[in-house]
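Q: I have a model open and want to learn how to read it. Where do we begin?

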Amino acid sequence: MIPGTTPGSYSALKVQRGALVEYANTPNPLSLSFEFNPATISRTRGVTVRTGGAPGTRGGYDFADVREVARASQGVSVNAESFSAKILLDATDRMNAGDPVATRFGVQPEIDVLRSMVEPKSQTPDGARTLAALGEGDERAFARHQYASVLLFVWGVQVLPVFLTQVQIEAKEYLPYLLPYRAEATLTMQIIESNNPFYREELKRQFALAGALPGLAGLAGLAGLAGGLLR
């Protein structure tokens with residue numbers, strides 16, 4: 001059972017709050033809070049392992065015991081982790097409460113925020129920021145300083161720095177003037193795995209919880225036993 005819950009409270013766990021917040025030095029950074037089902041999140045991690053190509057080393061280099069496992073490969077490169085999440089955008093409650101923006105525009109503002117997050121930005125010499133597609137200023141297209149927004153994906157205990165690489169919107173219900181008030185958005189993101197404060201904290205959290213998992217000590221013992229059998 002999840003700490004702090006009772007069997008009757010499981011239904012309250014089905015919908016959680018999450019957020020995407022633009023990490024930018026601007027008076028009005030883009031931000032979006034949403035509800036989503038964590039079960040729909042799909043994370044992908046891949047590595048490329050360099051191994052030997054000589055006869056007898058088709059799956060990796062030789063090693064005799066646990067002290068030589070570093071010889072199994074001659075290097076490894078880690079690909080950036082990516083993940084996708086399906087989120088629900090729904091203005092029904094706000095419409096029923098009389099929210100004038102939701103009543104007039106439904107979830108179109110939220111959709112426009114997501115579309116703006118995925119659009120490249122241009123930085124002008126005075127520090128102003130605009131969507132690159134607007135083409136403002138006198139610079140030639142190839143000379144513009146375009147960059148992708150750095151976003152913070154907030155989900156439970158995790159705050160991940162990400163690039164939003166794809167947004168897919170599926171409108172479900174429309175207002176009479178054809179603006180959606182209910183939609184699903186599938187977001188594809190790439191984690192920014194660099195020496196930034198958010199990713200450093202994520203790694204600390206990851207290894208702290210991995211070390212707290214019951215049974216890891218037993219697995220370490222089995223690894224030591226296997227090493228002893230090979231001596």
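A: With a helix end. This is a predicted model. Asn-196 caps the N-terminal end of H4. One of its side-chain oxygens lies 3.2 Å from the backbone nitrogen of Phe-198.

Q: What should helix H4 span, and what is the distance between its end C-alpha atoms?

A: Count 1.5 Å a residue. H4 covers residues 197–212, which is 16 residues, so it should span 22 Å. Its end C-alpha atoms are 23 Å apart, which agrees.

Q: Now the strands. How do side chains sit in a regular strand?

A: They alternate between the two faces of the sheet.

Q: In which sense do S6 and S12 pair, and over how many bridges?

A: Antiparallel, over nine bridges. Strand S12 holds residues 180–191.

Q: Last, the largest pocket. What is its volume, and which elements give two or more residues to its lining?

A: The volume is about 240 Å³. The elements are strand S2 (31–36), strand S6 (82–90) and helix H1 (92–96). Lining residues include Arg-17, Phe-34, Asp-90, Arg-94 and Glu-110.

Q: How does that lining divide by residue class?

A: Three nonpolar, two polar and six charged.

How values were computed: Residues are numbered from 1 along each chain as its sequence is written. This is a predicted model: local features need pLDDT of at least 70, side-chain atom pairs count only at pLDDT 80 or more; totals for chains, interfaces and linings use all residues. Side-chain values use heavy atoms; hydrogens and water are left out. On a 1 Å grid over the protein atoms alone, a cavity is a set of points where a 1.4 Å probe fits but cannot get out, and a pocket is an open set with protein on both sides within 12 Å along at least five of seven lines; lining residues have an atom within 4 Å of a point. Grid points are joined across faces, edges and corners, and a volume is the space filled by probe spheres set on the points. Helices (H or I, at least four residues) and strands (E, at least two) are DSSP runs, numbered from the N terminus. Ala, Val, Leu, Ile, Met, Phe, Trp, Tyr, Cys and Pro count as nonpolar, Asp, Glu, Lys and Arg as charged, and the others, Gly among them, as polar. Two strands pair if DSSP finds at least two bridges between them. The expected span of a helix is 1.5 Å times one less than its number of residues. A polar contact is a pair of N or O atoms within 3.5 Å; within protein, one must be able to donate a hydrogen and the other to accept it, and residues adjacent in sequence count only if both atoms are side-chain atoms.
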